[in-house]
Amino acid sequence: MIFRNLKSPLLSKTFRSQIPSFGVLNHEKFQKKVEGKGKVSKFLYEFWEILYQGTWDQCVDAKLMLKYTITQKKTAFMLSEITRIRKDLVKFIPFSFFLIVPGAELLLPPYLYLFPNAFPTTYLFDDQLAKRYITRDRKQMNSYRYLFQLMKQRIPSIENIRNNQDYNAKGLQELVLKHSHLFMTKLDYREFNSEQLVHLCKFLGMEFFRGTYTIMKLTKLFVNLPVYFTNLFYWLTRNPERRPLNSVLKNWNSLLPFPLEDLKKSLLLWQIKSHLKKMERQDKAFRLNGFGDNKFESIRQFARERGIPALVMQKENPEQDFEYSKKQFKRDYIDFIHKEQVFENLKIWYAVLYYERYHNRMVEDYEERVRKYLLH
């Protein structure tokens, strides 16, 4: 928790670490403070709490990023934190408009409707952040299924190959290297369409911008204007003989002409390549300077961004989770990609196979976290 070294007791009490690398607003403590207050008082207090504490957290994050940036020997965790903080600072620039301009918060719902990931994490409550991460894990799980089915369609012989291979980390590594030509030619992500690239982004745990998502929202709104006005007219006239018209363009992909599809694909490819390059720098730092943090959730987040959350599964003894996971991550992933000079495309499909190996355990782990979240 980044406030652990601060002297101010107010900040330490207000924030609780949901993810060990940074602080988030504590929903439980907030509810206790506003207990018995009216709706207006509760709203004003919540607005002030989010504004003050979230903005202060942004300043602390910026200072932390500067410290990490000027450090000569950066650890993998430092590089990961620099990336996270930089994203939040970029989000904060447009978000600050809604905080500074009076009445601008009325425009915040449509802004978040068009840009769902535009809310900086420092302004979230811990339960909201947990819900966001659970949703992302569910999307990652669904995208794994999609990519694994795509693998079996493009390489029908993969089932026979897997059946004749030792089904452990070493066996998966040998499989990927031995049949690398199949993965490089038939499963080259650079040749994917936009829908397949979206699944790849979700599988890699990316927070990505589709580009055409906003365009399609606006296009759907514009095309459906006659429908909206017609239904409004029927509602005002109370005409019983008319049934409300249904919205058109439910399947947005059917509307994508070539230029728009090409733009969407280019934007997604650029983000995926940028993500993979960042991962490569972090992996190199992990090998040379170590991880740099001692929390299990940190190494788990690190593995999740590579599509291999199953590589760091929690054991019975929580005190040994981090050390065990760090050694396993280094052995099964870092050493493998460094020693064999694995291309980025092979890293992806190695992660898909690794995920498939522990699929049942991942489902159980996901369901357990959902249960804990609902109980909380």
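Predicted model: local features only at pLDDT ≥ 70, side-chain atom pairs only at ≥ 80, totals over all residues.
**Patches, rings and salt bridges: a quick tour**

Two elements give two or more residues to it, namely α11 (212-223) and α12 (225-237). L236 has 56% relative accessibility, and the cut-off for exposed is over 50%, so L236 counts as exposed.

There's a charged patch on the surface too. K29, K32, K33 and K37 gather there, and the charge is positive. K32 sits in helix α2, residues 27-33. With a relative accessible area of 63%, K32 is exposed.

Now the aromatics. How many aromatic pairs does a search of the whole structure find? The count is 18. I'll show you two of them.

Pair one is F192 with W349, and it is edge-to-face, with 6.3 Å centre to centre and 75 degrees between the planes. F192 is in the loop between α9 (180-186) and α10 (194-203), while W349 is in helix α16 (residues 344-357), so this pair ties together parts that are 157 residues apart in sequence. Are these two buried or exposed? F192 is buried, and W349 is buried as well.

Pair two is F286 with F302, and this one is stacked: the centres are 6.1 Å apart and the planes are at 25 degrees. F286 belongs to helix α13 (residues 258-289) and F302 to helix α14 (residues 296-304), so here the parts being tied together are 16 residues apart in sequence. Again, both F286 and F302 are buried. These two also belong to one aromatic cluster, made of F77, F286, F291, F302, F329 and Y333.

Last topic, salt bridges. Side chains of opposite charge can pair when their charged atoms come close. In this model the count comes to 11 salt bridges.

Take R132 and E207: they form a salt bridge in which the closest N and O atoms are 4.0 Å apart. That pair links distant parts of the chain, with R132 in helix α6 (residues 126-154) and E207 in the loop between α10 and α11, 75 residues apart. R132 has a relative accessible area of 22%, which makes it partly exposed, and E207 is partly exposed too, at 33%.

What about R306? It forms a salt bridge with D283, and there the closest N and O atoms are 2.9 Å apart. This pair also links distant parts of the chain: R306 is in the loop between α14 and α15 (321-339), D283 is in helix α13, and they are 23 residues apart. Both R306 and D283 are buried.

Then there's D332 with R331, a salt bridge with its closest N and O atoms 3.1 Å apart. D332 is buried, with a relative accessible area of 6%, whereas R331 is partly exposed at 49%.

And one more to look up on your own screen: D61, E81, R84 and D88 are linked in a network of salt bridges.

Terms used
Residues numbered from 1 in each chain as written. Heavy atoms only, no water. Patch = residues over 30% accessible without salt bridge, like charges linked within 9 Å, V, L, I, M, F, W, Y side chains within 5 Å. Areas by Shrake-Rupley, 256 points an atom, 1.4 Å probe, with all protein chains shown as cover. Salt bridge = Lys/Arg side-chain N within 4 Å of Asp/Glu carboxyl O. Lys, Arg positive; Asp, Glu negative; His and termini not counted. Charge placed at Lys NZ, Arg CZ, Asp CG, Glu CD. Helix = DSSP H or I, 4+ residues; strand = E, 2+ residues; numbered from the N terminus. Buried < 20%, exposed > 50% of the residue type's maximum accessible area, 1.4 Å probe, protein only. Phe/Tyr/Trp six-rings, centres within 6.5 Å; stacked < 30°, edge-to-face > 60°.
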